[in-house]
Amino acid sequence: MPTILVLPDAEALASAAADFIRQAASEAIAARGRFAVALTGGSSPGATYKLLAQTPPGQENWGKWEVFLGDDRFVPADDDRSNYGQARTLLLGKVPIPAGQIHPIDTGASSPDAAARHYAETLAQVLQPEAGKLPIFDLVLLGLGEDGHCASLFPHMATLAVTDRWVVSSPPGTLPPPVDRVTLTYPVLNAARQVLFLVNGEKKAVPVRDILEGRATREVHPAAGVQPVDGTLTWMLDKDAAKLLHSS
Ligand code: 6PG
């Protein structure tokens with residue numbers, strides 16, 4: 001069962017999310033000496049990234065972060081639609097994470113497929129899973145699309161059924177921007193130690209209700225397929241996103 005946290009507004013949500021991420025980083029670093037995190041794109045995490053960039057000096061542990069993207073649009077990093085570009089502007093370019101510990105998806109590759117293959121190699125090199133096992137993130141951040149998608153796993157697409165690859169390309173979804181994508185697959189998302197969904201706004205209220213009240217299949221609302229096998233799942237919502245939940 002996921003933990004569901006409802007915050008009064010988007011500001012409180014960002015603040016709670018930044019605290020959650022700092023806590024996850026401290027715990028991972030204390031336990032394993034580093035923090036492997038997959039960031040998300042979309043508009044929802046922007047305020048959280050800004051707050052993280054303002055982490056007070058005494059609490060900083062940037063030197064131990066290994067930063068990845070859960071998905072990206074196949075556009076250059078300086079394109080406004082780039083998830084990595086957004087994370088770099090709001091967070092990664094403002095804190096002293098060593099450059100070699102930031103791992104964007106290579107959207108300069110010859111094709112989205114080539115970028116996906118290359119990113120799987122990066123996961124293997126940096127996260128060093130045991131032979132035959134999946135790479136394990138300490139924390140995966142995800143947003144929720146109005147259509148129930150997460151990362152770049154879109155409703156009814158073949159990517160939902162992939163179990164033999166860690167990273168795949170995806171054609172554009174039905175929501176903008178209409179560009180090809182590269183995304184982690186369910187097996188990797190579900191191998192994470194912690195997954196945190198950040199969701200705000202009334203437009204998300206229907207998929208939030210359908211997913212959290214068990215009315216949605218992952219074919220219709222792909223975020224319903226994010227169910228960490230051994231890890232924890234937390235949904236942080238603002239009041240507007242939570243407004244159709246019976247328990248809220
Ligand atoms: C992307 C994402 C995507 C996003 C949701 C929510 O590249 O678009 O990573 O999965 O998280 O679409 O986006 P918003 O926060 O903009 O609603």
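## Strands, helices and a loop

Helices and strands are here DSSP runs, a helix having at least four residues and a strand at least two, and they are numbered from the N terminus. In this predicted model, serine 152 is found in the loop between β6 and β7, the latter covering residues 167–170.

Serine 152 is buried because its relative accessible area is 0%, and buried means under 20%. Leaving aside its neighbours within four places in sequence, serine 152 is in contact with Asp71, Ser170, Arg181 and Thr183.

## The sheet

Seven strands form an open sheet with parallel pairing, in the order β1-β10-β9-β6-β2-β3-β5. Its edge strands, each of which pairs on one side only, are β1 (3–7) and β5 (102–103).

Strand β6, made of residues 139–142, sends Leu139 and Leu141 one way and Val140 and Leu142 the other way, and all of these residues are buried. Two bridges pair β6 in the parallel sense with strand β2, residues 35–39, and valine 37 has leucine 139 as its bridge partner in β6. Strand β9, residues 194–199, runs parallel to β6 and is joined to it by three bridges, with leucine 196 in β9 as the bridge partner of leucine 141. Strand β9 is also joined by six bridges to β10, residues 232–238, and these two strands run parallel; leucine 198 stands opposite methionine 236 in β10.

In soluble globular proteins, nonpolar side chains tend to be buried together. In this model the largest nonpolar core has 76 residues, and those with the most contacts inside it are Phe35, Trp65, Phe137, Phe197 and Trp235. Helix α1, which covers residues 10–32, gives the most to this core, with nine residues.

## Helix α3

Helix α3 is mostly covered, since seven of its ten residues are buried, namely Asn83, Tyr84, Gly85, Ala87, Leu90, Leu91 and Leu92. These buried residues of α3 pack against the strands β2, β3 (65–69), β4 and β5, and against helix α2 (46–53).

## The largest pocket

About 590 Å³ of space lies in the largest pocket, and the elements that give two or more residues to its lining are β4 (71–73) and α3 (83–92). The lining is made up of 28 residues, of which Gly41, Gly42, Ser43, Arg73 and Lys204 lie nearest the centre of the pocket. By class, this lining has 13 polar, eight charged and seven nonpolar residues.

## The cavity

Rolling a probe the size of a water molecule over the atoms shows where empty space is left. The structure holds one cavity of 30 Å³ or more, and about 40 Å³ of space lies in the largest cavity. The residues lining the largest cavity are Arg22, Leu52, Thr55, Gln59, Glu60, Asn61, Trp62 and Trp65, and by class they divide into three nonpolar, three polar and two charged. Trp65, one of these lining residues, is also among the residues with the most contacts inside the largest nonpolar core.

Conventions
Residues numbered from 1 in each chain as written. Predicted model: local features only at pLDDT ≥ 70, side-chain atom pairs only at ≥ 80, totals over all residues. Heavy atoms only, no water. Buried < 20%, exposed > 50% of the residue type's maximum accessible area, 1.4 Å probe, protein only. Pairing = 2+ DSSP bridges. Core = buried A, V, L, I, M, F, W, Y, C linked by side-chain atoms within 4.5 Å. 1 Å grid on protein atoms, 1.4 Å probe; cavity = no way out; pocket = protein on both sides within 12 Å on 5 of 7 lines; lining within 4 Å. Points joined across faces, edges and corners; volume = space filled by probe spheres on them. Nonpolar A, V, L, I, M, F, W, Y, C, P; charged D, E, K, R; others polar. Contact = heavy atoms within 4.5 Å.
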